[in-house]
Amino acid sequence: MSLELKKRILQKIKEYNKIIISRHVRPDGDCIGGTKGLKEILTLTYPEKEIYLVNEDYSEYLAFLGGEDAQFEDEFYSDALVIVLDTASTDRISNKKYNLGKELIKIDHHIDIKPYGDISWVEDWRSSLCEMIVDFYDTFSDELKINSMGATYLYTGMVTDSGRFRHNTVTGTTLRLAGLMLDKGINTEWLHANLKMEEYNQLQFKAYALGQIKVTENGVAYIYVDKEMQEKFNLSREDASASVAFAENIKGSLIWVAFIDNADGTIRVRLRSRFLTCNDIGENWRGGGHECACGATLHSADEIDKLLLEADAKLKEYKATHEGWL
Ligand code: AMP
């Protein structure tokens, strides 16, 4: 099944001279690495084709991987193949013109709640979208070309989306495909330094934020990074969003959540869980994602309380009916 889809996708790539690649909004290492890695593979393999990366937002945190292309006029799309990576639903595509192409391909590893595209290759058990792109490269490696930069992009997505190869979506195949990329010559020290280094204000924010974490009756840990906190520590959107990781390792807190004030008055939710799933909660609040890592959007502080009540009840029920969690 997946081999057939991969063959159809390669066939489409061969048919088009112009290919535009897009990803989801609020980019992370996986969608940046995947789009840039795919562009590198296609540019090296088909130097005669025009391959572009077009998106409407940007990641400061991942700027070390380099930039993307500028947006085009509508007419430019009419003979293009558009490939959207790592984006479950069309409303999260970081390119409003995604639908102006002649054909549309979706490649993704999120739960497929809102399918789209003329061809859709979705494998939600994959640890990252980049794992799928490396698998695609590996399937046709006698035809497709890659270099150390392309491998670095794809390895970045594999490393970041799998929590440094820690999540239970990581399989032997994940590590074999990561090994394939490592063999292309990745400077892992440079990569990890770029992923890990923090500014002083980020560290000060972390120290303060740790003291702001609260835990509900049954163990849901949460932090609310409101506008005031963001201003006080001069935080970028990404700095503020990183706070979800601060609440990750509290014993008994099998669900942890960060609420972050958006500039438009809505509240971004980042939900994480271990042993039990949390995507149902995200889906109840205009969101989705993976079983144990998902997002949502709230319209008022009142909805924070409602979401927490829901998460707390779910955790209570889980703890009452399961053993061996911590
Ligand atoms: P985040 O907390 O933003 O890192 O999201 C965790 C995962 O869920 C990522 O793979 C996101 O792409 C996905 N996700 C986040 N927000 C949403 C949303 N509103 N709808 C669907 N998927 C989402």
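Select strands β9 (267–273), β10 (288–289) and β11 (293–298): each supplies at least two residues of the shell around the ligand. Strands here are DSSP runs of E with at least two residues, helices are runs of H or I with at least four, and both are numbered from the N terminus. The model is predicted, so local features need pLDDT of at least 70 and side-chain atom pairs count only at pLDDT 80 or more, while totals for chains, interfaces and linings use all residues. Residues are numbered from 1 along each chain as its sequence is written, and side-chain values use heavy atoms, with hydrogens and water left out.

**Stop 1: the ligand**

Show the residues around the ligand. There are 13 of them, and the closest are H110, R268, R270, R272 and G288. A residue counts as near a molecule if one of its heavy atoms lies within 4 Å of it.

In G288, a backbone N or O atom lies 3.0 Å from a nitrogen atom of the ligand. Next pick H290, where an N or O atom of the side chain is 3.2 Å from an oxygen atom of the ligand. On its own the ligand has 470 Å² of accessible area, and the protein covers 88% of that. Such areas come from the Shrake-Rupley method with a 1.4 Å probe; for residues, only the protein chains shown count as cover. A polar contact is a pair of N or O atoms within 3.5 Å; within protein, one must be able to donate a hydrogen and the other to accept it, and residues adjacent in sequence count only if both atoms are side-chain atoms.

**Stop 2: K36**

Select K36 in helix α2 (residues 29–45). K36 is buried yet has no salt bridge; E68, the nearest side chain of opposite charge, is 6.1 Å away. Buried means under 20% relative accessible area, exposed over 50%, and partly exposed in between (1.4 Å probe, protein chains only). A salt bridge is a side-chain nitrogen of Lys or Arg within 4 Å of a carboxyl oxygen of Asp or Glu. For charge, Lys and Arg count as positive and Asp and Glu as negative, while His and the chain ends are not counted.

What does the side chain of K36 reach? It reaches the backbone oxygen of G67, at 2.7 Å. Leaving aside residues up to four places away in sequence, K36 touches L53, L65, G66, G67 and Y153, where contact means heavy atoms within 4.5 Å.

**Stop 3: helix α3**

Move to helix α3 (residues 129–139). Because 9 of its 11 residues are buried, this helix is largely enclosed by the rest of the structure. The buried residues are L129, C130, E131, M132, I133, V134, D135, F136 and Y137.

**Stop 4: salt bridges**

The count of salt bridges comes to 19. Side chains of opposite charge can pair when their charged atoms come close.

Start with K96 and E56, whose side chains meet at 3.4 Å, N to O. This pair links distant parts of the chain, 40 residues apart: K96 is in the loop between β3 (81–85) and β4 (103–108), and E56 is in the loop between β2 (50–53) and β3. K96 is exposed, with a relative accessible area of 71%, whereas E56 is partly exposed at 39%.

Now select E123 and R126. Their side chains form a salt bridge of 2.8 Å, N to O, and both residues are buried.

The next pair is D280 and K314, with the closest N and O atoms 2.9 Å apart. D280 belongs to helix α10 (residues 279–284) and K314 to helix α11 (residues 301–321), so the pair links distant parts of the chain, 34 residues apart. Finally, salt bridges that share partners join K6, E123, R126, E131 and D135 into one network.

**Stop 5: loop residues**

Select I250, in the loop between α9 (237–241) and β8 (255–261). I250 is partly exposed, with a relative accessible area of 27%. Not counting residues up to four places away in sequence, I250 touches I213, A221 and R274.

Most residues other than glycine have a negative phi, and most peptide bonds are trans. R26 is not a glycine but has a positive phi of about 50°; look for R26 in the loop between β1 (18–22) and α2. N234, also other than glycine, has a positive phi near 55° and sits in the loop between α8 (227–232) and α9. At 61% relative accessibility, N234 counts as exposed.
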